[in-house]
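Colleague: I am new to this structure and would like to learn how to read its features. Could we go through them one at a time?

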Amino acid sequence: MITALINSVQIVTVDTKGINFKRGSELNNLYCVYDHSIIIEDSIIKDIIPASSYNPNTEHKQIDMRDKTILPGLIDCHTHTAFAGSRADEFRMKLSGVHYEEIAKAGGGINTTVKAVRATSEADLIKLMEPKINYFIAQGVTTLEIKSGYGLNFENEIKLLNAINYFRKNSPIKIIPTFLGAHTFPSEYKDDHSSYISSVCNEMIPFISKNSLAEFCDGFCESTAFSSDEIDIIFSAAAEHGLKIKLHTEQFNNVGGIDVALKHNAVSIDHLEVIKKEDIPKVSKTETTNVLLPGVSFFLGYQYAPARKLIDNNAIVALATDYNPGSSHIANLNLIMSMAALNMKMTIEETISAVTINAAKALNENKTTGSIEIGKLADFAVFNTPDYADIVYNVGKNLNVMTIKHGKIIYNAL
């Protein structure tokens, strides 16, 4: 079956010329084409041709994109969508001036959500996740990473991963599960870190690997969570069992997380709000993706990651929502793009590259998706505008009217 996307105003290809990511100044180059049609066959982009060259065939399915702009399917490469409960009371505390770290030290924060997740069945977690995933799909998201990390023992981390994997099998978009058992220490192991690390390394990771429940192992390297030495132990176990590496680090403090992440060839290093000036060239020289999360800075009211310095130093930069119940209760990827432009001084073009091809690279999906190139998957987000700048200019407003995954329409607001 051949499908043709016809009559679009713009096709924002985010072409990489076969490199499959964008570094430094290249994030500004989106390589738009006009008056072209996209030809899809067997879920793959077969060709991108001038509209004048397209000869309609009665056997072809045609989708009219008149007055629309086509982007690659958007990718949210860092979310905590699998959770239960509310942290509205803690939000109230933050508004009164209590710092996120103070709440965590007092037993709140992540552990508040852990209690809620432990009290929620797998079936109910699935019910809670479904509308959240649908919300992402309605924005044009075709690939979504979801972390565990709110179970913090064998039974409940596996429960979370099972719920995530339900959608891996049953969602119309690609769901990528990440194991985040090293999110923080659960209250029962507050004074016995070594025993919890042993459980992560010797029970959780081997079971998760054997049963293919996650593609990545992530951790939170922070003064209120795991030290760099503790993360090193966990990542060594993860690598031994074939899990790829991601790391939350440099969010509030500099505790050596960058060096551990680079030692283990992390696919991405996420947060970096307080990255030291001397560490910017270090991360910029690698093929590790720097995933920046402006929603956290907005939600908690503190400094933004130095996107401009990273890009100007030739780094690979991506953006994500970090959607979670405590520090970034924001599931709007369009809003994240606008925040990056307004508060991190990224150009509109850079933000688009950061939620498409570079977000794909942060998930090792960049060879098959993230840009509109011949041979890649036919994943698209279709926006009701003749100018892609409107996507970022309309702050918080969803202009996506059609989401296409593998050449099939999975969301249609037209």
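Colleague: Which element gives the largest share of the lining of the second largest cavity?

Modeller: Some ground rules come before that. This is a predicted model, in which local features need pLDDT of at least 70 and side-chain atom pairs count only at pLDDT 80 or more, while totals for chains, interfaces and linings use all residues. Residues are numbered from 1 along each chain as its sequence is written, and side-chain values use heavy atoms, with hydrogens and water left out.

Modeller: Now the general idea. Rolling a probe the size of a water molecule over the atoms shows where empty space is left. On a 1 Å grid over the protein atoms alone, a cavity is a set of points where a 1.4 Å probe fits but cannot get out; a pocket is an open set with protein on both sides within 12 Å along at least five of seven lines; lining residues have an atom within 4 Å of a point. Grid points are joined across faces, edges and corners, and a volume is the space filled by probe spheres set on the points. Helices (H or I, at least four residues) and strands (E, at least two) are DSSP runs, numbered from the N terminus.

Modeller: In this case, H12 gives the largest share of the lining, 3 residues. The second largest cavity has a volume of about 60 Å³, and among the residues that line it are Leu333, Asn334 and Met337.

Colleague: Which residues of helix H12 are buried?

Modeller: Buried means under 20% relative accessible area, exposed means over 50%, and partly exposed is in between (1.4 Å probe, protein chains only). Helix H12 covers residues 333-343, and its buried residues are Leu333, Asn334, Ile336, Met337, Ser338, Met339 and Ala340. Contact means heavy atoms within 4.5 Å. The elements against which these buried residues pack include strand S9 (141-147), helix H10 (294-300) and helix H13 (348-354).

Colleague: What is found at the start of H12, and what just after H12?

Modeller: A polar contact is a pair of N or O atoms within 3.5 Å; within protein, one must be able to donate a hydrogen and the other to accept it, and residues adjacent in sequence count only if both atoms are side-chain atoms. At the start of H12, a side-chain oxygen of Asn332 comes to within 3.0 Å of the backbone nitrogen of Asn334. Just after the helix, Lys345 has a positive phi of about 60°.

Colleague: How many cavities of 30 Å³ or more does a search of the whole structure find?

Modeller: The search finds 2. The largest cavity holds about 110 Å³ of space. Its lining has 13 residues, with Tyr100, His183, Gln251, Asn324 and Ser327 nearest the centre. For classes, Ala, Val, Leu, Ile, Met, Phe, Trp, Tyr, Cys and Pro count as nonpolar, Asp, Glu, Lys and Arg as charged, and the others, Gly among them, as polar. On that scheme the lining of the largest cavity has 4 nonpolar, 7 polar and 2 charged residues, while that of the second largest cavity has 6 nonpolar, 4 polar and 1 charged.

Colleague: How much space lies in the largest pocket?

Modeller: About 390 Å³. It is lined by 17 residues, and Ala104, Asn111, Thr184, Phe185 and Thr224 are the closest to its centre. Helix H2 (100-105) and helix H3 (110-118) each give two or more residues to the lining, and H2 has the largest share, 3 residues. By class, the lining has 6 nonpolar, 9 polar and 2 charged residues.

Colleague: Is Thr13 buried or exposed?

Modeller: Thr13 counts as buried because its relative accessibility is 4%. Thr13 lies in the loop between strand S2 (10-12) and strand S3 (32-33). A polar atom of its side chain lies 3.4 Å from the backbone oxygen of Leu30.

Colleague: What describes a pair of aromatic rings?

Modeller: The distance of the centres and the angle of the planes. Rings of Phe, Tyr and Trp (its six-membered ring) pair if their centres lie within 6.5 Å; planes under 30 degrees apart count as stacked, over 60 as edge-to-face and the rest as tilted. The count here is 10 aromatic pairs. Phe154 and Phe207 form an edge-to-face pair, 5.1 Å centre to centre with 70° between the planes. Phe154 lies in helix H5 (residues 154-170) and Phe207 in helix H6 (residues 193-210), so the pair ties together parts 53 residues apart in sequence.
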